[in-house]
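Here's a quick tour for anyone opening this model on screen. Have a look at the picture, then work through the notes below.

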Number of protein chains: 2
Amino acid sequence: MALSIGQLARRADVNVETVRYYERRGLLPEPPRTAAGYRQYDPDTIARLHFIKRAQDLGFTLNEVEELLSLRVDPGTSCEEVRTTASRKRREIDRKIRDLRRMKSSLEDLIAACDTRRSTSACPILEALDT
Amino acid sequence: MALSIGQLARRADVNVETVRYYERRGLLPEPPRTAAGYRQYDPDTIARLHFIKRAQDLGFTLNEVEELLSLRVDPGTSCEEVRTTASRKRREIDRKIRDLRRMKSSLEDLIAACDTRRSTSACPILEALDT
DNA sequence: CTTGACTCCGTACCAAGGTACGGGGTTTAG
DNA sequence: CTAAACCCCGTACCTTGGTACGGAGTCAAG
């Protein structure tokens, strides 16, 4: 069952205008239309929108999201190209994970200090991402 | 040895105007000045700028960065308040880590598929963050 | 067969996060 | 002592990622 743009937007929790904007940006493929010109979306598009929103939350720009979404092994993209981009992104992600883990551990120290009413250094979390 | 705004900016790899902007936003404390009114920065400020840039890269807004930087156990903030904010941030970070791990694993599958010249599903990474 | 909710499209506007400009004073190397 | 390189400040401008507006067509319920 196909979705109208309004139904899609509600179910993906984004604005209708955002859907149109993503289409213009090339993040969403142009969907088929009804005779009257209304967009008809496959329900999979909900997941695509969730992915975009989540990736943004993880610090990727829309250009990067586009790059991630276009990564696949298919005729039309050289394997080398896919490998290169995917590996680069993987390293970037590794670094994000490492830094988030450090921040998390700082926050845990802070929570612990709080529980025992110990005072901590001037700005404990700052050291998390140092160097 | 104190740094001028230009030296600080160069060493933290940001624009001079960005430093002034962060000061206006309250992300950097107002530094002491020379007799002529020139800002004099403690070298620690470099780390603070690195932290800000990195946290942005991890998907935090400047408002969130400000919140993170102000987290500490000291007289002036109630322990309960610090605990609450720190815990909330920790959960948020956990979720980010989880999703990044999924994306990473998708990318690894993709790289492996590429190596063996197998074709993968239409958009393999999309499934990474699915529900 | 009309009224309200939806959709179309183009264009204008908005918020966040900077970045540039420009007229002035300062510092420092030659 | 002067030219290059900094710094001051206020204000204007820019990019990214949306959001809103508004006139026109569509569709479903009553």
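With 10 C-beta neighbours inside 10 Å, Asp13(A) counts as exposed (12 or fewer other C-beta atoms within 10 Å of its own, with C-beta atoms placed from the backbone; buried takes 20 or more, and partly exposed is in between). Keep in mind that this is a predicted model: local features need pLDDT of at least 70, side-chain atom pairs count only at pLDDT 80 or more, and totals for chains, interfaces and linings use all residues. Residues are numbered from 1 along each chain as its sequence is written, while chains are lettered from A and ligands numbered from 1 in the order in which they are written.

**The Asp13 pair**

- Asp13(A) sits in the loop between α1 and α2 (16-25) of chain A; helices are DSSP runs of H or I with at least four residues, numbered from the N terminus.
- Most residues other than glycine have a negative phi.
- Asp13(A) isn't a glycine, yet its phi is positive, about 60°.
- Over in chain B, Asp13(B) lies in the loop between α1 (5-12) and α2, and its phi is positive too, near 60°.
- Is Asp13(B) buried or exposed? Asp13(B) counts as exposed, because it has 10 C-beta neighbours inside 10 Å.

**Around the DNA**

- DNA strand C has 19 residues around it, and Ser4(A), Gly6(A), Arg39(A), Ala36(B) and Thr61(B) come nearest (near means a C-beta atom, placed from the backbone, within 6 Å of the strand).
- Of the 19 residues around DNA strand D, the nearest are Ala36(A), Thr61(A), Ser4(B), Gly6(B) and Arg39(B).

**Helix α3 of chain B**

- The 14 residues of α3 (residues 44-57) should span 20 Å at 1.5 Å a residue, and the end C-alpha atoms are 20 Å apart, which agrees (expected span: 1.5 Å times one less than the number of residues).
- Buried residues in α3(B) include Thr45(B), Ile46(B), Leu49(B) and Phe51(B).
- Among the elements covering the buried residues of α3(B) are α5 (79-115) of chain A and α1, α2 and α4 of chain B.
- After α3(B) comes Gly59(B), with a positive phi near 95°.

Technical notes. Helix = DSSP H or I, 4+ residues; strand = E, 2+ residues; numbered from the N terminus. Contact = placed C-beta atoms within 7 Å.
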